[in-house]
Amino acid sequence: MGNPVSRVEGNVEADLKAISAAFGKAVKLRRTEIDLSQEALADAAGLARSFVSGIERGEAKASIGSVWKLARALDCQPSALWREAERIYALKKAKLAPSTE
């Protein structure tokens, strides 16, 4: 069986940065959808407001535990946040893809 790392295409660091930004946008979308301030979300999740702000900007990386806390505070499943992040990421990748026409 081949090396799974060799199957990774593109710049992994750039992809991680892009998915972090997409996850942050997903958190912010859900937060604004349910009309919570960053401070209220941070308090409900037991996280620092500056950390929540960093996640929303794609600058801070949320651990599995932080994702769980955010999802509970946002009254959704962690998978819902990830599905939205994947949708946002895919849209951005599609916009950046070279045209085949």
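**View 1. Q38 sits in helix α2 of this predicted model.** Helix α2 covers residues 38-45, and Q38 lies within it. Q38 has a relative accessibility of 17%. It counts as buried because that value falls under 20%. The side chain of Q38 makes a polar contact with the side chain of R49, at 3.1 Å. Leaving aside residues up to four places away in sequence, Q38 touches R31, R49, V52, S53 and E56.

**View 2. Helix α1 runs over residues 12-33.** The helix has 22 residues. From its first C-alpha to its last it reaches 31 Å. That is close to the 32 Å expected at 1.5 Å a residue.

**View 3. Both ends of α1 have a local feature to find.** At the start of α1, look for N11 and E13. A side-chain oxygen of N11 reaches to within 3.0 Å of the backbone nitrogen of E13. Just after α1 comes D35. D35 takes a positive phi of about 60°.

**View 4. F23 and W82 form an aromatic pair.** A search of the whole structure finds one aromatic pair. The pair, F23 with W82, is tilted. The ring centres lie 4.6 Å apart, with 35° between the planes. Distant parts of the chain are linked here: F23 belongs to helix α1 and W82 to helix α5, 59 residues apart. The two partners can also be described by their accessibility. F23 is buried, with a relative accessible area of 4%. W82 counts as partly exposed, at 36% relative accessibility.

**View 5. Residues 1-7 have pLDDT under 50.** For residues 1-7, the model has zero contacts beyond four places in sequence. Across the chain, the mean pLDDT is 89. Of the chain's residues, 86% reach 70 or more.

Definitions and conventions:
Residues numbered from 1 in each chain as written. Predicted model: local features only at pLDDT ≥ 70, side-chain atom pairs only at ≥ 80, totals over all residues. Heavy atoms only, no water. Helix = DSSP H or I, 4+ residues; strand = E, 2+ residues; numbered from the N terminus. Buried < 20%, exposed > 50% of the residue type's maximum accessible area, 1.4 Å probe, protein only. Polar contact = N/O pair within 3.5 Å; in protein donor to acceptor, adjacent residues only side chain to side chain. Contact = heavy atoms within 4.5 Å. Expected span 1.5 Å × (residues − 1). Phe/Tyr/Trp six-rings, centres within 6.5 Å; stacked < 30°, edge-to-face > 60°. pLDDT = per-residue confidence, 0-100.
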